[in-house]
Amino acid sequence: MVVLVCAVVRPWGLPEAVFAVPAAAVVIATGAISLDHTAEEAARLGPVIGFLAAVLVLAQLCDDEGLFQACGAWMARTAAGRPRRLLGQVFVVASLITAVLSLDATVVLLTPVVFATAARLGARAKPHVYACTHLSNTASLLLPVSNLTNLLAFAASGLSFTRFAALMALPWVVAIGIEYLVFRRFFAVDLEAGAQAPASAGPPELPLFALVTVAGTLVGFVVTSAVGIDPAWAAFAGALVLAVRALIRRRTTPAALARAVGLPFLAFVLALGIVVRAVVDNGLDDALGQLVPDGTGLPALLGIAALAAVLANVINNLPAVLVLLPLTAQAGPGAVLAVLLGVNIGPNLTYAGSLATLLWRKIVHEHDTDVELGEFTRLGLYTVPAALICSVVALWGALELIGT
Amino acid sequence: MAVIVWIVEGTWPACVDAARSRVPEGSEIVLLHVTGHESPGAAHGAFAGLLGRGHPERDPGTRMEQLAADSARELLETAADRLGRDCARVERSGRVEREVVAAADGADLLILARDGDRSHLGPRSLGPASRFVVDHAPCPVLLVWPETAPGLSSIPAPPPHPPHHH
């Protein structure tokens with residue numbers, strides 16, 4: 001609990017790891033978690049964290065290569081002053097970027113580009129920016145690399161990379177489709193207001209090298225999982241190729257690369273994993289275990305996804321997935337994927353991803369520029385339950401069709 | 001005479017044109033743009049939802065606040081060019097509708113465009129923001145259609161006669 005509070009509050013602006021790592025040391029030292037379980041947790045999280053680091057670096061290097069700027073230029077040119085068409089393009093770009101380069105890339109790197117693009121067209125930015133924030137969650141269902149929650153579940157599910165993607169493809173499409181329909185209606189007035197076609201610039205310069213590397217990495221995921229190698233190596237290779245090129249061309253520095261890896265974040269994930277495991281070992285499993293539905297029929301999957309969505313909205317989806325994975329892993333991959341639907345789609349319901357974060361921001365007035373909560377929540381109420389239910393049905397269908 | 005022209009993305013040209021053709025020469029014209037907080041706010045929220053990432057300097061919302069200020073300046077510049085007269089430019093930020101009402105205090109005229117459903121004549125042609133401004137404006141208001149107004153036939157037929165009460 002204290003670790004979570006510190007992660008949300010970030011006293012004195014210190015990185016979250018400053019509190020999480022000592023807390024992990026304390027639970028190990030006091031025997032709240034056995035050494036066996038600690039080793040098991042570290043062995044489980046180690047490769048996940050390596051995978052995560054590779055994807056974070058890959059996204060940052062794609063940004064350095066100008067991939068996101070090129071996306072913005074392409075959207076501005078082809079939207080031709082029509083906000084509705086721009087929304088469609090934002091949906092396509094944000095969904096693909098989130099799926100391949102993870103939700104961090106969409107939130108940190110793509111959203112400002114989309115905002116600037118809308119401003120350049122004189123279009124109202126709100127629908128497009130909200131689409132980015134929603135899709136960073138909803139569109140992160142497809143691949144294990146799309147979201148840290150997926151990487152954790154992927155490790156726990158025992159599925160291969162391709163099977164994970166095959167099972168999640170239909171829920172991914174369904175959830176994005178529902179978001180699109182709701183956005184078109186919800187923001188109909190804003191999308192109706194005209195915009196100007198930009199002064200015609202030539203076609204944007206495509207960062208071909210970055211695109212080919214990313215495509216190669218995707219192929220690498222498929223190949224590695226087919227021959228039984230950890231797909232993290234494919235991500236590592238992709239990041240390595242771009243890093244070497246960027247270093248040779250002096251577009252980046254070793255220090256910038258180290259920053260992109262986000263060591264404090266990785267340490268935080270490992271420590272949070274150990275602390276949560278200690279909490280689960282000390283009684284949370286019995287308490288929550290009664291709430292987790294058994295089986296992998298449609299009603300059970302719906303129940304699991306709903307529970308995961310509620311938990312993600314109360315604390316945050318990262319601890320939520322860490323808590324729920326040990327409780328659902330024995331029920332099979334279907335249950336684990338249902339947890340993912342809940343923790344990935346659910347956070348769109350609350351501004352800032354969880355009530356805990358929201359409360360804290362209210363207390364400190366961290367930014368005086370917060371959104372109108374009523375509107376944000378209304379949008380969440382229109383999208384989340386519908387997207388969640390339909391994507392669970394889609395997952396159930398995919399499980400019946402493809403099997404695990 | 002002091003005239004405020006509310007400049008909104010997408011619908012502003014009609015307001016500038018109305019100011020050009022209807023406001024007497026020599027009047028004081030103010031082009032007003034208000035930047036809402038929603039977009040940077042949504043980005044702040046999304047970043048805060050990424051637990052454990054630290055690095056507040058990577059918060060995309062902060063970058064977007066800067067971008068919003070730049071684009072507001074450019075929009076007002078374009079609008080001033082179209083007006084082609086001496087005018088003042090005012091940028092505000094906050095709750096859009098309330099800032100507009102506050103800025104219109106003491107003005108002789110406020111010019112704004114309908115920002116709702118423009119396919120029918122009727123109350124829905126005002127979106128929530130312009131509805132608030134029209135309802136609360138502390139000065140006379142000139143409300144223009146962004147494009148040609150829809151015809152009278154877009155008004156729904158009147159309801160049948162109410163039953164007579166005996």
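Student: Which residue stands opposite B:Val144 in E5(B)?

Tutor: B:Ala113 does. This is a predicted model, in which local features need pLDDT of at least 70 and side-chain atom pairs count only at pLDDT 80 or more, while totals for chains, interfaces and linings use all residues. Residues are numbered from 1 along each chain as its sequence is written, whereas chains are lettered from A and ligands numbered from 1 in the order in which they are written.

Student: Why do strand E4 of chain B and E5(B) count as a pair?

Tutor: Two strands pair if DSSP finds at least two bridges between them. E4(B), residues 109–113, and E5(B) share 4 bridges, in the parallel sense.

Student: What is the order of the strands in the open sheet of chain B?

Tutor: The order is E3-E2-E1-E4-E5, 5 strands with parallel pairing. E3 (88–93) and E5 (141–144) of chain B are called edge strands because each has a single partner, which leaves one side without a neighbour in the sheet. On average, neighbouring strands are turned by 20° against each other, direction ignored. For such angles, axes are lines fitted to C-alpha atoms, over the stretch in contact for helices, and angles run from 0 to 180 degrees between N-to-C directions.

Student: Which strands does helix H3 of chain B lie across?

Tutor: H3(B), residues 60–83, lies across E2 (28–35) and E3 of chain B, and runs at about 150° to E2(B).

Student: How many helices and strands are there in chain B?

Tutor: Chain B has 5 helices and 5 strands. Helices (H or I, at least four residues) and strands (E, at least two) are DSSP runs numbered from the N terminus. From that end, the elements of chain B run β-α-β-α-α-β-α-β-α-β.

Student: What does the globule rule give for chain A?

Tutor: Chain A comes to 19 helices and 0 strands. The rule gives 22 Å for its 404 residues and the radius of gyration is 21 Å, close to it, so chain A is as compact as a globular protein of that length. Its C-alpha trace spans about 65 × 50 × 50 Å along the principal axes.

Student: Why is A:Leu395 called buried?

Tutor: A residue is buried if 20 or more other C-beta atoms, placed from the backbone, lie within 10 Å of its own, exposed if 12 or fewer, and partly exposed in between. A:Leu395 has 27 such atoms, so it is buried. A:Leu395 is found in helix H19 (373–402) of chain A. Buried residues make up 57% of chain A and 43% of chain B.

Student: What makes A:Arg184 partly exposed?

Tutor: A:Arg184, in helix H9 (161–186) of chain A, has 15 other C-beta atoms within 10 Å, which is in between the two limits, so it is partly exposed.

Student: Which residues is A:Leu395 in contact with, leaving aside its neighbours within four places in sequence?

Tutor: Contact requires C-beta atoms within 7 Å of each other. A:Leu395 has contacts with A:Leu167, A:Pro171, A:Leu301, A:Leu337, A:Ala338 and A:Leu341.

Student: How many residues does the contact take from chain A and from chain B?

Tutor: Chain A gives 45 residues and chain B gives 36. The largest share of the side of chain A, 8 residues, comes from H6(A). By class, that side has 24 nonpolar, 13 polar and 8 charged residues. Ala, Val, Leu, Ile, Met, Phe, Trp, Tyr, Cys and Pro count as nonpolar, Asp, Glu, Lys and Arg as charged, and the others, Gly among them, as polar.

Student: At what angle do helices H3 and H12 of chain A cross?

Tutor: The axes of H3(A), residues 35–64, and H12(A), residues 232–248, cross at roughly 35° and come within 8 Å. By class, their contact has 14 nonpolar, 2 polar and 1 charged residues.

Terms used: The radius of gyration is taken over C-alpha atoms; the globule rule is 2.2 Å times the number of residues to the power 0.38. Two residues are in contact if their C-beta atoms, placed from the backbone, lie within 7 Å.
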